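This briefing goes with the structure shown below. The points are grouped by topic.

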Amino acid sequence: MDVEMRPLMFIFEPTTQVASRARATVRDCLPSMIGDQASDAVLMASELVTNAVLHGAGPVVLSVGVGRGLVRVEASDSSATVPRVRPRADGEGGRGMVLIDSLSTRWGVCDRQDAQPGKTVWFELSLGPDSPRPP
């Protein structure tokens with residue numbers, strides 16, 4: 001994550017409340033000036049954290065940064081398995097990454113930056129040329 005964004009980091013235990021806690025956390029981190037894009041960021045963050053709980057183990061590290069005309073959210077977990085961008089044939093999952101792929105400006109997967117095993121899945125959401133820049 002770009003250091004100029006000054007990301008905020010949160011650690012969540014993998015409980016049944018993690019998605020709602022992540023949504024509230026991301027909503028609180030975003031400036032009110034970004035309007036409707038905040039809803040997209042909150043929804044995508046919920047998907048990242050849910051995937052981290054379902055497919056990883058241990059705590060989930062969530063990072064939220066706003067700056068340079070974009071929002072970047074990262075979720076790190078202990079699994080090295082890369083997420084799929086297509087729904088599973090049995091209809092039991094896979095739609096979250098399709099949603100992230102269609103709503104985000106860009107997204108990706110990288111190794112964790114904290115020397116722990118696993119991966120970080122991230123997305124960026126452009127605030128667009130008409131959106132005010134965060135302070």
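Which residues does Leu 103 touch, not counting residues up to four places away in sequence? Leu 103 touches Asp 40, Leu 43, Met 44 and Leu 125. The model is predicted, and the values that follow are computed from it.

**Overall layout**
- The protein chain contains 3 helices and 5 strands, and from the N terminus on these elements follow the order β-α-α-β-β-α-β-β.
- The protein chain has 135 residues, of which 42% count as buried.
- Counting contacts between residues at least 6 apart in sequence, 62% join residues at least 24 apart.

**Helix H1**
- Helix H1 covers residues 18–29. Its 12 residues should span 16 Å at 1.5 Å a residue, and this agrees with its end C-alpha atoms, which are 16 Å apart.
- The buried residues in H1 are Val 18, Ala 19, Ala 22, Thr 25 and Val 26. They lie on the same side of H1, because the arc they cover around the axis is only 125 degrees.
- Strand S1 (8–12), helix H2 (36–55) and strand S2 (60–67) are the elements against which the buried residues of H1 pack.
- Thr 25, which belongs to helix H1, has a relative accessibility of 14% and therefore counts as buried. Leaving out residues up to four places away in sequence, Thr 25 touches Phe 10 and Phe 12.

**Helix H2**
- H2 has 20 residues, which should span 28 Å at 1.5 Å a residue; the end C-alpha atoms are 29 Å apart, which agrees.
- Gln 37, Ala 38, Ala 41, Val 42, Met 44, Ala 45, Ser 46, Leu 48, Val 49, Asn 51 and Ala 52 are buried in H2.
- The cover over the buried residues of H2 includes H1, S2, S3, H3 and S5.

**Leu 103 in helix H3**
- Leu 103 is part of helix H3. Its relative accessibility is 28%, so Leu 103 counts as partly exposed.
- Between Leu 103 and Gln 37 there are 9.5 Å in space, C-alpha to C-alpha, while the two are 66 residues apart in sequence. Gln 37 is one of the buried residues of H2.
- Met 44, which Leu 103 touches, is also among the buried residues of H2.

**Loop residues**
- Arg 86 sits in the loop between strand S3 (70–77) and helix H3 (95–103). With 54% relative accessibility, Arg 86 counts as exposed.
- Arg 86 and Val 98 are 12 residues apart in sequence, and their C-alpha atoms are 6.0 Å apart in space.
- Ala 115 is placed in the loop between strand S4 (106–111) and strand S5 (119–126). Ala 115 counts as exposed because its relative accessibility is 76%.
- The phi of Ala 115 is near 65 degrees, a positive value in a residue other than glycine. Most residues other than glycine have a negative phi.

**Aromatic rings**
- How many aromatic pairs does the structure hold? The count is 0.
- Trp 122 has Arg 72 over its face, at 4.0 Å from the ring centre.

Definitions and conventions:
Residues numbered from 1 in each chain as written. Predicted model: local features only at pLDDT ≥ 70, side-chain atom pairs only at ≥ 80, totals over all residues. Heavy atoms only, no water. Phe/Tyr/Trp six-rings, centres within 6.5 Å; stacked < 30°, edge-to-face > 60°. Lys NZ or Arg CZ within 6 Å of the ring centre and 35° of its normal. Helix = DSSP H or I, 4+ residues; strand = E, 2+ residues; numbered from the N terminus. Buried < 20%, exposed > 50% of the residue type's maximum accessible area, 1.4 Å probe, protein only. Contact = heavy atoms within 4.5 Å. Expected span 1.5 Å × (residues − 1). Arc of directions from axis to C-beta.
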